[in-house]
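This report covers the aromatic ring contacts of one protein structure. The sequence and the structure come first.

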Amino acid sequence: MAAAAEPGARGWLGGGSPRPGSPTSSPELGAGSRSRSGPGSGPGSGPERSGARPPVPAAPSHSFRKVTLTKPTFCHLCSDFIWGLAGILCDVCNFMSHEKCLKHVKTPCTSVAPSLVRVPVAHCFGPRGLWKRRFCSVCRKGLEAPGLRCEVCELHVHPDCVPFACSDCRQCHQDGHRDHDAHLHHWREGILPAGARCELCRKTCGSSDVPAGVRCEWCGVQAHSVCSAALAPECTFGRLRTLVLPPACVRLLSRNFSKMHCFRIPESAAPEPGDGEDSADGSVSAGPGREVGAPESGKQTLKIFDGSDAMQRNHFRVVTVPRLARSQEVLEAALRAYYIPEDPQGFQLQAVPTPAQPGDTAAAGKVWSAGPSEEEGCRAAPEAWVLRALPRTQEILKIYPAWLKVGVAYVSIRVTPQSTARSVVLEVLPLLGCQAEGVEGFQLVEVHMGSRQVQRTVLANEEPMLDRLREIRQTSLRQMSQTRFYVAENSVLAPRVSLFVGGLPPGLSPREYRSLLDEAVASKAALVTVSHVYSAQGEPLQTEARSGQRSLSEQAGQPRPLASPRWGPRGAVVLDVACFAEAERLYMLVRDTAVRGRPLTALVLPEVLHMKLAPDCRPLLVFVNPRSGGLKGRDLLCSFRKLLNPHQVFELTNGGPLPGLHVFSQVPCFRVLVCGGDGTVGWVLAALEDVRHRLACPEPAVAILPLGTGNDLGRVLRWGAGYSGEDLFSVLLSVDEADAVLVDRWTILLDAHEPAGGEDSEADAEPPKIVQMSNYCGIGIDAELSLDFHQAREEEPGKFTSRLHNKGVYVRVGLQKISHSRSLHRALRLQVEQQEVELPSIEGLIFINIPSWGSGADLWGSDSDSRFEKPRMDDGLLEVVGVTGVVHMGQVQSGLRSGIRIAQGSYFRVTLLKATPVQVDGEPWVQAPGHLIISAAGPKVHMLRKTKQKPRKAGPPKDARADGAPAPEGDPK
């Protein structure tokens with residue numbers, strides 16, 4: 001579709017000579033200005049001509065000019081203060097430089113940055129937030145207002161700059177498009193601390209005032225932008241190379257799945273509509289009636305649209321120009337607003353009719369007036385103009401090869417009205433060294449490199465290329481600058497997408513699961529196969545109200561429903577889908593489907609190519625519970641995705657541990673890091689035990705980043721009392737250096753029944769349940785306090801965001817129970833190794849497996865006793881201790897007393913004569929009368945204990961993430 005002027009419209013034509021002092025006419029700075037060689041010309045590459053072009057880095061293509069400084073300013077290259085009143089500023093991207101540093105500038109301008117992306121990868125922008133001392137990667141200005149941050153890389157942008165951000169996120173997997181085995185540095189600018197030092201020259205390269213210096217997003221190497229070109233291009237992943245899952249070892253054929261889906265990032269973390277999505281093309285995403293600030297005296301404010309799509313959505317950019325500005329100046333300002341580096345002579349501005357007068361042809365034909373003849377009221381209202389490309393009879397088009405082993409980055413050809421996709425392929429193949437190949441084996445692929453999604457479209461052989469380019473420009477000029485054309489082989493890539501579907505009923509056969517899915521989502525049998533079945537996977541301990549029974553609080557006059565343990569066994573399957581369209585349909589449909597009252601979970605899973613892993617590679621599988629630790633888990637998820645491969649970081653509230661264990665099932669050796677409280681650790685250990693027989697590494701060692709309130713297992717294994725903002729890079733190094741130890745696991749069989757004539761005999765008997773235990777099991781007063789705390793947290797979860805506040809709530813509920821007497825020793829009977837044990841007068845009975853209880857208290861005590869063996873975590877024995885009440889518990893936690901030692905053994909049978917509070921590893925409920933049988937759970941679990949070492953400095957050290965010998969002294973600048 002030709003981009004001709006609309007009927008009756010008069011336009012600003014891009015003719016005339018440049019204004020005096022403009023970048024193109026300045027004899028001093030003309031060499032550094034962006035190229036104006038003609039429509040479709042490459043950035044900074046001079047006049048285009050047909051033929052091959054070697055992959056040499058393009059010139060920065062900035063529009064530099066001298067400016068007078070009115071406030072303290074720093075150089076974006078060397079980060080030094082600019083003395084004097086003159087500086088060099090890019091009109092497009094706001095790059096500021098010393099005049100002496102101008103010849104060393106290698107950072108490309110935002111207008112040409114999309115053309116320099118090696119492999120386009122979309123970003124995953126999270127919610128808006130305040131990021132201190134961070135700079136927008138598009139306009140290079142500070143993020144003083146709430147901005148957006150990519151959840152995978154450290155790209156920060158203003159919400160209105162999102163449409164102009166490069167699709168240069170980290171490439172974390174192979175997707176069948178330009179896959180490669182050699183891994184290169186992924187540089188990101190402006191994210192260094194002020195004291196960062198260059199890897200090459202050892203001088204300071206960071207700044208908190210300007211976006212200076214670069215850092216590799218994989219290995220953490222820091223350098224000046226100039227020095228980075230002298231470093232080896234290959235990335236070795238630095239100190240974390242044994243923990244990182246290399247991108248070359250992960251395959252995910254995602255096609256048009258968004259990166260949010262591929263990395264299992266909940267869509268609730270995405271920006272709200274209108275907050276800088278790809279469809280919102282303006283720094284002012286203004287709706288009808290939105291006011292724009294009044295311009296300065298003598299200046300005019302204009303709304304600029306870049307195409308038909310922006311006009312339909314009413315998303316525009318605002319430019320301010322002098323009222324006496326010539327058409328050339330206004331047109332250049334409009335092009336700069338949309339970061340378009342092409343020659344202004346190929347564009348024009350057409351007036352847009354106002355919404356109040358859609359049929360007013362006079363308004364549509366309005367042109368710019370350079371004089372003060374307009375009415376005063378018209379000056380205050382901004383005028384709307386659409387930026388259009390003039391019709392072109394031919395264009396220079398860049399064609400990129402879709403394979404890597406070729407001697408050129410792209411080739412440039414001339415497109416005429418007779419050119420089709422087939423003729424373009426036929427002309428390009430000899431330039432790429434494929435003279436012997438037939439044109440039938442190749443196709444032309446159009447790739448739109450959006451900042452949030454990269455979309456690929458195969459063009460038909462008879463597609464007129466010139467009309468296609470005109471249609472793209474008519475829709476959006478910005479979209480044209482973010483569109484590439486690849487010539488790719490015609491070999492059909494066999495689609496195979498793995499979908500994890502959780503939340504299914506447990507205990508079904510593969511055929512029954514298949515029938516259930518056919519009924520729920522109408523899956524196509526010819527395209528979908530059930531590759532793996534997990535018939536029963538336990539969920540974390542929770543409390544669930546049961547009607548028809550009375551709780552202990554109700555008996556005391558406080559109405560509260562009786563709670564029972566809910567482990568929620570659920571089934572899960574992994575589907576292999578042989579069609580991209582069917583995979584996308586199933587994914588969206590499953591997420592909105594419930595089976596037997598339970599919502600289903602759908603996740604896109606990658607495939608780990610374990611045969612490509614290095615012999616010393618021991619990737620880390622990270623599980624994070626975002627609800628633990630005062631809601632610190634959200635920040636941890638983002639940080640771990642940046643430090644590691646996002647495909648090895650899993651959120652436990654989105655499918656549980658099973659998806660991560662399935663992805664790593666064929667990895668011969670890996671470790672696990674659990675970020676959460678003791679209950680979260682128990683959840684992961686239980687899942688690990690269930691699928692142990694399916695893992696190539698049947699006994700992976702587990703480390704803990706404690707986020708809960710008690711964190712007793714984390715204390716015993718030296719991981720600390722709780723995470724309080726320590727540097728996660730140092731945490732990962734500690735995990736890599738930690739020693740493996742054995743810890744006993746115990747099985748608790750809950751066989752509830754109602755004795756005849758009991759006070760709760762009206763309730764139905766519960767079916768037997770099995771619980772796994774690692775730390776301790778409490779019966780009585782300590783479980784009752786824990787239950788009251790959990791119920792208070794469920795009622796007002798927003799208040800429980802501080803570990804100190806949580807402990808304060810424990811103290812408060814304990815004081816409320818200080819005068820209560822339950823006479824627990826009369827409400828239960830205890831057998832140890834088949835022998836009856838007489839209980840003293842106690843209010844709580846506790847079975848402990850580790851020397852830490854109630855946030856670090858030593859309940860057993862350190863005194864020697866000839867009746868018992870010295871407790872250990874791996875001795876196959878549990879210690880039984882009693883407490884006499886709340887006061888006794890407080891004395892134990894303050895170190896004044898220890899518990900009452902009752903027994904030690906490996907097999908226990910507890911008979912409850914009435915409903916009694918019970919807790920396992922900090923997860924409480926009220927257990928109906930019946931039996932509790934505690935016995936060893938089979939193989940011990942391998943845990944990681946932090947090695948004793950000198951404390952590390954906070955924050956990534958100067959070269960902590962990089963390995964190798966220090967570079968020699970020298971200043972490349």
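Which residues do ring pairs link into a cluster? Phe74, Phe81 and Trp83 are linked in this way.

The model is predicted, with local features needing pLDDT of at least 70 and side-chain atom pairs counting only at pLDDT 80 or more, while totals for chains, interfaces and linings use all residues. Residues are numbered from 1 along each chain as its sequence is written, and side-chain values use heavy atoms, leaving out hydrogens and water.

Rings of Phe, Tyr and Trp (its six-membered ring) pair if their centres lie within 6.5 Å; planes under 30 degrees apart count as stacked, over 60 as edge-to-face and the rest as tilted. By this rule there are 14 aromatic pairs. One of them is edge-to-face, because the rings of Phe64 and Phe95 have centres 6.2 Å apart and planes at 65°. Phe64 belongs to strand E3 (residues 64–68) and Phe95 to the loop between strands E4 (86–90) and E5 (96–97), so the pair ties together parts 31 residues apart in sequence. Strands (E, at least two residues) are DSSP runs, numbered from the N terminus. Both Phe64 and Phe95 are buried, that is, under 20% relative accessible area (1.4 Å probe, protein chains only).

Tyr400 and Tyr486 form a tilted pair, 5.6 Å centre to centre with 40° between the planes. Tyr400 in strand E16 (residues 395–401) and Tyr486 in strand E20 (residues 483–489) are 86 residues apart. Tyr400 and Tyr486 are both buried.

Charges also sit over rings (NZ of Lys or CZ of Arg within 6 Å of the ring centre and within 35 degrees of the ring normal).

| Charged residue | Ring | Distance from ring centre |
|---|---|---|
| Arg170 | Trp218 | 4.3 Å |
| Arg392 | Phe347 | 5.4 Å |

Note on methods. Helices (H or I, at least four residues) and strands (E, at least two) are DSSP runs, numbered from the N terminus. Buried means under 20% relative accessible area, exposed over 50%, partly exposed in between (1.4 Å probe, protein chains only).
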